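These are my notebook entries on one structure. I set down what I looked up, entry by entry.

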Amino acid sequence: LPPPGSTAPTSAAGEAPEGWPPAGWPGRASAGGAPQGWPPSGWPGRTASARTAPSWEPGRLHWGDAAVVVLYVLMMVVGLGYLLAVLLGLAPRDPAAMDVMDGFRVNLVSYAVLVVAVLAVSWRPLVASLRVFATHTWLKILLLPALWLVTVLVNALLLSLIGQAQTSANQAALEEMTTQAPALGMVLMTVVGAPIVEEYLFRHLLVGKLSRWINVWVCAAISVAAFTLLHFLGTGGDFQWVETVPYLTLAVTITVTYVLIGRSFGYAVLLHMVNNGIAIAMLYLVAPLVYINLPSTDTERIREFWTSMGADIDEDFSDENSVCVQLTESTFAMYLSPGFYTDFIGDREIADCLTTNSVLLQLTAPDRGAVDALVRAAVEAGGSEVPLPDELQEDMTATGVHSRQVVDPDGHQWEFMAA
């Protein structure tokens, strides 16, 4: 046995025997070139060890950081991203001719350039900071969606206390982009590009590195304010303060988590990615709400008409001047009294839909039987069926289309067609 206090076996000559210390021993690299300590303790399949101090310090500010900040200002504020998109033929030369897709392409190009720049100067600390998962691995993984949920709940609570909610210009632009831009492009821009660039600037630099000279919580406050105001950069200051609430709650969540979890650049990026990813998925997967506004001479009669057909009434949007009929999960018909309807159309007169017609409203039903059942219920509730010309009916039948038309008591014509 080695003598008391010895840390390694010795040979007769007093020297450590060949092969000691073994590969992977502290102070010696693992065999095969794998980094010492990898995979980290706590990683799936490896037993967790006692928690140690973080080994992913953000480091000092350097010229690479200054170059990225300048590049960000040039791309996003000065308009270099737009000029680059024009040179690549992705945007019109006249800014006034820009449409939604042009704006999407400009942003995609800008973030692509910035992501390359950020990774060029910070990929090492980004990768190193993922060692945060070395301890309590699964807890930290589950914490990502849990923090998103907490942010959503706090945001909803604040807006309910304020008593109003406003959609910011930035959010409205994103929602409009999702109606035209390909999903993959939106994911690359908002779920990958934006989190990497913004977490580098607002957490890694403003908190992680700046806190070497300024109190970390002062840096955190600066980071939260800067991140929130960034999303209103293009408004020229023309926005309602309530619009900042969603960005403020997100900024606070990410910043506080970043500080408390050991200033892990990578964890902040992942948390931001989860938030943006869920938001984009909801925009693409959840259908937008559609409200069809129609004049009604008798809202109570319309209420009885639709309820007898099995439709639900949304009482939150119904009163003595209106009835909101839920047609599908995302489609509603708003029947408004003449006086209320006139408030929205200016000096124009309301058409008499019993003698004139300007629109045909179509709804789909699961099959032919469902279409016929809806028509029967509509007629029994006071509506009337509009027969189609024989030639048109024959053509539709030949192509497998089953469609029937009814007019509601206010004269609005509805077409029910088998899906």
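Entry 1, strand β4. I began with strand β1 (residues 290–295), which pairs with β4 in the parallel sense over 6 bridges. Helices (H or I, at least four residues) and strands (E, at least two) are DSSP runs, numbered from the N terminus, and two strands pair if DSSP finds at least two bridges between them. I note that the model is predicted: local features need pLDDT of at least 70, side-chain atom pairs count only at pLDDT 80 or more, and totals for chains, interfaces and linings use all residues. Residues are numbered from 1 along each chain as its sequence is written, and side-chain values use heavy atoms, with hydrogens and water left out.

I found Met 334 of β4 to be the bridge partner of Asn 293. Strand β3 (residues 322–326) runs antiparallel to β4, and 5 bridges join the two. Here Gln 326 stands opposite Phe 332. β3 and β4 form a hairpin, with 4 residues between them.

Is strand β4 buried or exposed? All 6 of the 6 residues of β4 (residues 331–336) are buried, so the strand is largely enclosed by the rest of the structure. Buried means under 20% relative accessible area, exposed over 50%, and partly exposed in between (1.4 Å probe, protein chains only). In a regular strand the side chains alternate between the two faces of the sheet. In β4, Thr 331, Ala 333 and Tyr 335 point one way, while Phe 332, Met 334 and Leu 336 point the other way.

I looked up the nonpolar cores, each a set of buried Ala, Val, Leu, Ile, Met, Phe, Trp, Tyr and Cys residues joined through side-chain atoms within 4.5 Å. The largest has 47 residues, and those with the most contacts inside it are Phe 104, Met 186, Val 197, Tyr 200 and Leu 201. Helices that each supply at least two residues of this core include α1 (63–78), α3 (100–128) and α6 (183–209). The most comes from α6, with 11 residues. Apart from this core lies another, of 23 residues, among them Val 323, Tyr 335, Val 371 and Val 406.

Ser 223 is buried, with a relative accessible area of 0%. Which residues does Ser 223 touch, not counting residues up to four places away in sequence? I recorded Phe 202, Arg 203, Leu 206, Val 207 and Thr 255, where contact means heavy atoms within 4.5 Å.

α1 and α6 pack at an angle of about 135 degrees, with their axes 12 Å apart. Axes are lines fitted to C-alpha atoms, for helices over the stretch in contact, and angles run from 0 to 180 degrees between N-to-C directions. The contact is made by Gly 64, Asp 65, Val 68, Val 69 and Tyr 72 of α1 and by Val 197, Tyr 200, Leu 201, Leu 205 and Lys 209 of α6.

I followed 4 strands in the order β5-β8-β7-β6, with mixed pairing. β5 (360–365) and β6 (384–386) are the edge strands, each pairing on one side only. The twist averages 35 degrees from one strand to the next. Strands β7 (residues 403–407) and β8 (residues 413–418) pair in the antiparallel sense over 5 bridges, and Gln 405 stands opposite Glu 415 in β8. Helix α12 (residues 368–380) packs on the sheet, touching β5, β6, β7 and β8. The direction of α12 makes about 155 degrees with that of β8.
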